[in-house]
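Work through the exercises below with the coordinates open. Try each task before reading its solution.

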Amino acid sequence: MFVDQIKIEVKAGKGGDGMVAFRREKYVPNGGPAGGDGGKGGSIILKVDQGLRTLMDFRYHRIFKAKPGQNGMIKGMYGRGADDTYISVPQGTTVTDAETGELLGDLVEADDELVVAKGGRGGRGNIKFASPKNPAPEIAENGEPGEERKLKLELKVLADVGLVGFPSVGKSTLLSVVTSAKPKIAEYHFTTLVPNLGMVRLDDGRDYVMADLPGLIEGASQGVGLGIQFLRHVERTRVILHLIDMSGVEGRDPYDDFVKINEELKVYDPTLLDRPQIVVASKMDMPDSAKNLAEFKVKLAKDKTLKQVPEVMEISSLTHQGLKELTHRTADVLESTPKFETLAEKEQSSKVYTFKEDEPAFKITRDSDATWVLSGEKLERLFKMTNFNHDESLMRFARQLRGMGVDDALRERGAKGGDLVRIEDFTFEFVE
Ligand SMILES: Nc1nc2c(ncn2[C@@H]2O[C@H](COP(=O)(O)OP(=O)(O)OP(=O)(O)O)[C@@H](O)[C@H]2O)c(=O)[nH]1
Ligand SMILES: [Mg+2]
């Protein structure tokens, strides 16, 4: 089974905490601050691996965490930064934020990388807080938390080979006999509603991804039948296998089918007809098939509108006649076919990747027990970066809040001295 859309969670590493330490030297009672900075936390980076064709691996591994930075140490030593965590994805993966729907980027090129969660900055040690006024500060910062995101990964490059044709010509059946895919097969039209994918593995070691596309009918390019959404899938395949039911049991003329489907492809995107196309005469086990095929070939040879006469291969998915020849020939054609730029890729220029910076720094709400509650991403980050083991660090935090305008805002909302104020699980008294 192939999965082409998946949700994962990524958590970047927290920065290492800064250290509060003092030099201890012989005969020097208090030798000044010596606490080092924490190292930076690991980021999470998606990276193209050309060996991957699907998002299948992610079905069993959904949560990715990067390592935290090392804490700062005594004697002014910095904590080591954590290595970034790389996640391999197939070429053509589109990444969106699963919560906001924001497009984070497209990994299109062979060596594309995309930072999806930034590691936290290391907290500063007390050396950094020394000043002439406060030469021995007991202040250190905790490391900044790493970013966390829920991501939706989608694989747009569906298949190397697309099976195209009228409904019920045997597209899904062919897929089911040359790959391990188990698509729904039935005699009624439009059995296939979304493309099924399968991997064709040849005995000579070559492989490729094949998609059985939903049936096309006249007018598909104008939205008739299952319409344009399928032509969009065709667009992403490099080689087209055009299946034509030779049995004639549906009462249509096989050559008519051939002309009509090509017309739909052309109306949608004229360059589709420049793609290698193998005409696959299907259901050759049926009584009238051989006769119909002979007539088909005569009409094909006479058709002056064709730029070049496509090659025709005969198969029966029932008796397995011609399957080996077809799958090998398809691999040969694929090897000599360059990758096409799809319409979607032409429209989509480069990567988009932005962080929201315009959110308010903090929010004030009130609990049922009248406690003032402070929240907001920026404020909570400052809170997490405060080392509450040292009074001086706490006082620095209080100054930071005042600097952000929290005190004024609380007063404006009617807070009085002695009121309780809470940030996450930390409660303190408001002092006027
Ligand atoms: N005799 C014979 N019947 C076949 C062969 N291949 C498929 N069929 C039958 O043709 C019918 C349609 O097959 P599907 O594979 O579902 O056709 P499809 O092209 O995927 O059809 P849609 O998904 O509706 O577009 C089924 O009843 C199959 O059993 C074949 O090689 N020989
Ligand atoms: Mg089908």
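**Exercise 1. Ligand contacts**

How far is an oxygen atom of ligand 1 from an N or O atom in the side chain of Lys171?

Solution. Remember that this is a predicted model.
- Step 1: the distance between the ligand 1 oxygen and the N or O atom in the Lys171 side chain is 2.8 Å.
- Step 2: apply the cut-off. A polar contact needs N or O atoms within 3.5 Å, so the Lys171 pair at 2.8 Å qualifies.
- Step 3: go on to Thr173. An N or O atom of its side chain is 2.5 Å from an oxygen atom of ligand 1.
- Step 4: turn to the backbone. Ala186 places a backbone N or O atom 3.3 Å from a ligand 1 oxygen.
- Step 5: Ligand 1 alone exposes 660 Å², and the protein buries 89% of that.

**Exercise 2. The ligand shell**

Which residues come nearest to ligand 1, and how is its shell made up by class?

Solution. 
- Step 1: there are 22 residues around ligand 1.
- Step 2: Lys171, Thr173, Thr191, Thr192 and Asp285 come nearest.
- Step 3: sort the shell by class. It holds 8 nonpolar, 10 polar and 4 charged residues.

**Exercise 3. Val333**

Is Val333 buried or exposed?

Solution. 
- Step 1: locate the residue. Val333 sits in helix α5, residues 323-335.
- Step 2: compare with the cut-off. Buried means under 20% relative accessible area; Val333 has 9%, so it counts as buried.
- Step 3: list contacts, leaving out residues up to four places away in sequence. Val333 touches Val239, Pro276, Ile278 and Glu311.
- Step 4: check the sequence separation. Gln277 is 56 residues from Val333 in sequence, with 9.1 Å between their C-alpha atoms.

**Exercise 4. Helix α3**

What distance does helix α3 reach from its first C-alpha to its last?

Solution. 
- Step 1: helix α3 covers residues 254-268, which is 15 residues.
- Step 2: at 1.5 Å a residue, 21 Å is expected.
- Step 3: the model gives 22 Å, close to that value.
- Step 4: look at burial. The buried residues of α3 include Tyr255, Phe258, Ile261 and Leu265, and also Asp257 and Glu264.

**Exercise 5. Positive phi**

Where do Ser168 and Lys283 lie?

Solution. 
- Step 1: Ser168 is in the loop between β9 and α1. Its phi is positive, about 65°, although it is not a glycine.
- Step 2: Lys283 is in the loop between β13 and α4. Its phi is near 60°, again positive in a residue other than glycine.
- Step 3: Ser168 has 15% relative accessibility, so it counts as buried. Lys283 is partly exposed because its relative accessible area is 25%.

Technical notes:
Residues numbered from 1 in each chain as written. Chains lettered and ligands numbered in written order. Predicted model: local features only at pLDDT ≥ 70, side-chain atom pairs only at ≥ 80, totals over all residues. Heavy atoms only, no water. Near = heavy atom within 4 Å. Polar contact = N/O pair within 3.5 Å; in protein donor to acceptor, adjacent residues only side chain to side chain. Areas by Shrake-Rupley, 256 points an atom, 1.4 Å probe, with all protein chains shown as cover. Nonpolar A, V, L, I, M, F, W, Y, C, P; charged D, E, K, R; others polar. Helix = DSSP H or I, 4+ residues; strand = E, 2+ residues; numbered from the N terminus. Buried < 20%, exposed > 50% of the residue type's maximum accessible area, 1.4 Å probe, protein only. Contact = heavy atoms within 4.5 Å. Expected span 1.5 Å × (residues − 1).
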